Amino acid sequence: MKIIIWKKKVLFMIVFTFFLVFSIYLSFYHPFSMAIELSSHSAINDGLKEKIDALNKEKEKVAYLTFDDGPTQKATPKILDVLKEEEVKATFFVIGKYVAHHPALVKRAYEEGHFIANHGYDHNNQKLYASKESFIHEVKSTDEEISKAIGVNDYCSHIFRFPNGYMSPNNKSQKKKCAKLLEDMNYTYVDWNCLNHDSIKKYSSQQLLDNLKKSSKNKRNFSYFNA
């Protein structure tokens, strides 16, 4: 009987120690701190660049869920509700002027563990590519709005998504120049390689799913874009 009691005490101490260590870990853990320092004064992590470049080379099948052009009062709360219910994390490529209009939505997304990335301030190609200064202003102004919304000083995601995508043939020469500017600003850019074409016309839920399956066919890794 004494042996059994001693074993119970040991088991209790092991379990108690585990939960104590785990609690301390959670109190210091931030979902993005291990990947990249989110400050405009920090250099982009070389490992992050390599990981993005290797997305389509990995053998494991992975889907990266991304949402562009928000936040909007109509769609973003519903998206966040579903992501929370399903325990799924996503990346939100936000537009600066909309962040200024709906800062609480961006703060909620950030606090619920989603990554907030840069999609430019106006989503207007004429403004974005007007000059070198204009492009830099679009990116930095969006960073400033995100920073104010989430309450993190000098926030910088270091990840940009070109409006309409880098792979789009429109403004190709300007995009090449701006890609170099992004590098100088400690940024990298990410496109998508999978669409459900929800921005083209109104589809039924089943049609959207079918479009997504066709778009992702034979791809081991895909970044799914939803506007």
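User: What makes the reach of helix α7 close to the expected one?

Analyst: Happy to go through it. This is a predicted model, in which local features need pLDDT of at least 70, side-chain atom pairs count only at pLDDT 80 or more, and totals for chains, interfaces and linings use all residues. Residues are numbered from 1 along each chain as its sequence is written, and side-chain values use heavy atoms, with hydrogens and water left out. Helices are DSSP runs of H or I with at least four residues, strands are E runs of at least two, and both are numbered from the N terminus. Helix α7 (residues 132-150) has 19 residues. Just after α7, Gly 151 takes a positive phi of about 75°.

User: Why is Thr 142 called buried?

Analyst: Buried means under 20% relative accessible area, exposed means over 50%, and partly exposed lies in between, with a 1.4 Å probe and protein chains only. Thr 142 has 0% relative accessibility, so it counts as buried. This residue sits in helix α7, whose buried residues also include Phe 135, Ile 146 and Ile 150.

User: What does Thr 142 touch, and which backbone oxygen does its side chain reach?

Analyst: A contact means heavy atoms within 4.5 Å. Leaving aside residues up to four places away in sequence, Thr 142 touches Val 94, Gly 96, Asn 118, Gly 120 and Tyr 121. Its side chain reaches the backbone oxygen of Gly 120 at 3.2 Å. A polar contact is a pair of N or O atoms within 3.5 Å; within protein, one must be able to donate a hydrogen and the other to accept it, and residues adjacent in sequence count only if both atoms are side-chain atoms.

User: How do you know that the buried residues of α3 are on the same side?

Analyst: The buried residues of α3 are Thr 76, Pro 77, Leu 80 and Leu 83. They cover an arc of only 125° around the axis, so they lie on the same side of α3; the arc is that of the directions from the helix axis to the C-beta atoms. On the other side of α3, Lys 78, Glu 85 and Glu 86 are exposed. The cover over the buried residues includes β1, β2 (91-94) and α5 (103-111).

User: Which residues have the most contacts inside the largest nonpolar core?

Analyst: They are Phe 92, Ile 116, Ile 146 and Tyr 155, in a core of 20 residues. Elements giving two or more residues to this core are α3, β2, α5, β3 (115-118) and α7. A second, separate core of 14 residues includes Tyr 129, Phe 135, Phe 160 and Cys 178. A nonpolar core is a set of buried Ala, Val, Leu, Ile, Met, Phe, Trp, Tyr and Cys residues joined through side-chain atoms within 4.5 Å.

User: How many disulfides are counted?

Analyst: A disulfide is a pair of cysteine sulfur atoms within 2.5 Å, and by this rule the count is zero. As for burial, Cys 156 counts as buried because its relative accessibility is 2%, and Cys 178 is buried too, with a relative accessible area of 6%.

Technical notes
Expected span 1.5 Å × (residues − 1).
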